Amino acid sequence: MDTKEAIKSRRSVKHFDPNHELTESEIRELLSLATLSPTAFNIQNWRFVLVKDPELRKEIRKVSWDQAQVTDCSLLVIICADLKSWNKAPERYWKKAPVAVQEFILPAIKSYYQNNDQVQRDEAMRSCGIAAQTLMLAAKAMAYDSCPMDGFDFAAVAKLINLPSDHVIALFVAIGKGLSPAAPRAGQLALNELIIENTFL
Ligand SMILES: Cc1cc2nc3c(=O)[nH]c(=O)nc-3n(C[C@H](O)[C@H](O)[C@H](O)COP(=O)(O)O)c2cc1C
């Protein structure tokens, strides 16, 4: 599918076919595409929790406003981030770069993130948001529907998935076969309200 068509036809679908299953190869393809998303300094700080256990899905649904997508989608991805990935063998992220680049960038990573919890969290949310959109567009290109979600109790979900203390949850992306199309777009703002030329007044 053409990228523009995927962008236009991606909608947040609420009703998925609970009997549809994704193959392992489809799941790998989706995640492989998502992990081509950009991250600052290439730190690849996202972590993708694939909730395959139906019982765990039911528990998560209970703390997600009983939203049906959680149990009925074919693939529930909890997009998390490792807040400390910048400090976990960062040479891995640049191992194929010329030595001169490595020597420049590795200290730069450290000085950018070290002792700055706000930057670490901001970067986590930026990376995960971009990855979520890549995942949803990849799903669309593979003839699947999706729904981004943050309507859940973050602390309760963290407990259910045993989230490490140096990780955060950004959002869910539910993926599957939509049973009914999304309602018509509810109220797109006009471009002139959204675009600021050069500076705010
Ligand atoms: C971060 C985020 C969280 C969202 N959480 C939910 C959710 O919990 N449940 C839901 O049904 N839709 C959720 N949505 C979907 C939005 O309602 C939807 O994107 C918006 O209404 C625009 O519709 P569209 O995605 O079909 O274009 C979420 C979207 C985003 C980006």
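Predicted model: local features only at pLDDT ≥ 70, side-chain atom pairs only at ≥ 80, totals over all residues.

**Entry 1: the largest pocket.** I began with the lining of the largest pocket, which by class has seven nonpolar, four polar and five charged residues. The pocket holds about 370 Å³ of space. Its lining is made up of 16 residues, and those nearest the centre are Glu21, Lys52, Arg57, Cys73 and Ser74. H3 gives the most, with three residues.

**Entry 2: the second largest pocket.** Next I went to the second largest pocket, where I found about 180 Å³ of space. Its lining divides into four nonpolar, four polar and four charged residues. I picked out some names from the list: among them are Arg10, Arg11, Lys14 and Arg185. Also in this lining are Pro148, Pro181, Ala182 and Ala183, along with Ser12, His15, Ser180 and Gln188.

Entry 3: Then I looked for cavities. How many are there of 30 Å³ or more? I got a count of one. The largest cavity has about 30 Å³ of space in it. Around it I found Ile43, Asn45, Asp82, Leu83, Ser85, Trp86, Tyr113, Gln120 and Glu123. Sorted by class, that lining comes to four nonpolar, three polar and two charged residues.

**Entry 4: stepping back to the whole chain.** I wanted the overall layout at this point. I noted eight helices and four strands in the protein chain. Reading from the N terminus, I wrote the order down as α-α-β-α-α-β-α-α-β-α-β-α. The C-alpha atoms fill a box of roughly 55 × 45 × 35 Å along the principal axes. The chain has 201 residues, and 39% of them count as buried. I also checked how far along the sequence the contacts reach. Taking contacts between residues at least 6 apart in sequence, 80% join residues at least 24 apart.

**Entry 5: the nonpolar cores.** What sits in the largest nonpolar core? I counted 27 residues there, and the ones with the most contacts inside the core are Leu30, Phe48, Leu75, Ile79, Leu135, Val173 and Ile175. The elements giving two or more residues to this core are helix H2 (24-34), strand S1 (46-51), strand S2 (75-82), helix H6 (117-141) and strand S4 (167-176). H6 supplies the largest share, eight residues. I zoomed in on Leu135 to see what it touches. Leaving out residues up to four places away in sequence, Leu135 is in contact with Leu30, Ala34, Val77, Ile79, Val173 and Ile175. There is also a second, separate core, which has 19 residues, including Val13, Ala158, Leu163 and Ile169.

**Entry 6: the cysteines.** I checked for disulfides and came up with zero. A disulfide is a covalent bond between the sulfur atoms of two cysteines. Cys80 is in no disulfide either, and the nearest cysteine sulfur, that of Cys128, is 7.3 Å away. For the pair to count, the sulfur atoms would have to be within 2.5 Å. I looked up how covered these cysteines are, too. Cys73 is buried, at a relative accessible area of 5%. Cys80 is buried as well, at 1%.

Entry 7: Most residues other than glycine have a negative phi. Asp66 is not a glycine, yet its phi is positive, at about 55°. I found Asp66 in the loop between H3 and helix H4 (69-72). Asn115 also has a positive phi, near 60°. The loop that holds Asn115 runs between helix H5 (99-113) and H6. Is Asn115 buried or exposed? Its relative accessibility is 76%, and because the cut-off for exposed is over 50%, Asn115 counts as exposed.

Note on methods. Residues numbered from 1 in each chain as written. Heavy atoms only, no water. 1 Å grid on protein atoms, 1.4 Å probe; cavity = no way out; pocket = protein on both sides within 12 Å on 5 of 7 lines; lining within 4 Å. Points joined across faces, edges and corners; volume = space filled by probe spheres on them. Nonpolar A, V, L, I, M, F, W, Y, C, P; charged D, E, K, R; others polar. Core = buried A, V, L, I, M, F, W, Y, C linked by side-chain atoms within 4.5 Å. Buried < 20%, exposed > 50% of the residue type's maximum accessible area, 1.4 Å probe, protein only. Contact = heavy atoms within 4.5 Å.
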